[in-house]
Amino acid sequence: HSADAYRTDLMTITRFVLNEQSKHAESRGDFTILLSHIVLGCKFVCSAVNKAGLAKLIGLAGETNVQGEEQKKLDVLSNEVFVKALVSSGRTCILVSEEDELAIVVEPSKRGKYCVVFDPLDGSSNIDCGVSIGTIFGIYMIKDHSEPKLEDALQPGKNMVAAGYCMYGSSCTLVLSTGSGVNGFTLDPSLGEFILTHPEIKIPKKGKIYSVNEGNARNWDAPTAKYVEKCKFPKDGSSAKSLRYIGSMVADVHRTLLYGGIFLYPADKKSPNGKLRVLYEVFPMSFLMEQAGGQAFTGKERALDLVPKKIHERSPIFLGSYDDVEEVKALYAEEQ
Ligand code: AHG
Ligand code: MN
Ligand code: MN
Ligand code: MN
């Protein structure tokens with residue numbers, strides 16, 4: 001065996017965060033405990049997602065399973081897993097989930113200083129065909145967490161102390177930023193540990209891929225239509241961009257982060273605020289893009305500057321390589 005076969009200085013996500021958090025020593029313990037509970041949730045969902053197909057095969061995923069229990073949909077199951085993991089961490093005071101109409105205020109005895117906003121299962125329409133799906137989360141610190149209020153969850157994305165996603169694809173990859181860069185970890189199922197595999201991720205300054213649901217083209221506004229036209233028929237003699245659209249935000253964003261390019265879910269006449277939710281889709285992905293040297297724009301402003309009024313509010317989003325998003329901003333500026 002080569003020496004590598006027995007590498008024992010594996011940088012696990014827990015060790016990594018402990019080292020990272022030494023910069024914010026005061027919250028090192030609490031944050032590490034919170035993150036370990038999020039990681040636990042991701043491991044559970046990863047295992048459930050990998051079995052989902054089989055469960056269907058052996059009839060577990062119909063209306064009822066062999067024990068006659070009502071079979072939970074994967075995104076309801078994932079939601080329960082994350083809510084339980086976050087509450088039991090004793091480090092959260094208010095939670096916002098895509099699957100819960102109202103914010104969840106944690107019972108007093110279990111309150112901690114963090115607010116977590118999350119999409120327990122993103123891309124759930126892709127589960128049955130085995131396409132990558134994921135979990136997205138963002139973390140705010142709440143100064144006075146003795147009496148958590150809804151306003152504590154309605155903060156601009158720039159106030160987040162951390163954000164990340166876990167993608168359940170050919171491998172289970174967790175991408176995280178705690179405010180000083182972006183790092184990627186891959187689950188080693190034999191160890192049950194997330195190992196640092198993508199240190200210091202930086203998105204290419206410019207990309208050759210655009211990622212949008214072209215099926216909505218009829219309803220786009222002029223700047224979006226002009227930008228997509230430019231991707232397909234560049235005037236400056238450069239080659240056209242490739243279109244890659246998976247339909248799971250986590251998968252489309254992960255590819256954009258690693259390969260470069262731009263992901264857009266614009267407004268359209270049917271949905272003037274686009275489709276993606278500000279707190280637990282737009283903000284975490286925008287936070288990661290900025291931390292990786294890219295940027296994120298709503299069509300009106302820097303995405304992280306947006307102040308949400310409602311917990312399930314939506315916003316148009318253009319995010320990815322710095323130069324690509326600059327082109328979109330220029331087209332919207334002309335529009336003013
Ligand atoms: P979710 O499954 O959490 O509701 O999110 C689905 C979102 C996002 O994952 C993806 O980018 C977008 O829906 C795709 O929407 P379209 O099918 O309208 O393109
Ligand atoms: Mn989603
Ligand atoms: Mn979802
Ligand atoms: Mn959904």
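Of the 336 residues in the protein, 51% are buried, meaning under 20% relative accessible area, with exposed over 50% and partly exposed in between (1.4 Å probe, protein chains only). This is a predicted model: local features need pLDDT of at least 70, side-chain atom pairs count only at pLDDT 80 or more, and totals for chains, interfaces and linings use all residues. Residues are numbered from 1 along each chain as its sequence is written, chains are lettered from A and ligands numbered from 1 in the order in which they are written, and side-chain values use heavy atoms, with hydrogens and water left out.

The protein has seven helices and 13 strands. These are DSSP runs, numbered from the N terminus: helices are H or I of at least four residues, strands E of at least two. Among contacts (heavy atoms within 4.5 Å) with a separation of 6 or more, 63% join residues 24 or more positions apart.

Turn to Val307. It sits in the loop between strand 12 (295–297) and strand 13 (317–320). Val307 counts as partly exposed because its relative accessibility is 42%. Beyond its neighbours within four places in sequence, Val307 contacts Leu154, Pro156 and Glu313. Ala292 lies 15 residues from Val307 in sequence and 22 Å away in space, C-alpha to C-alpha.
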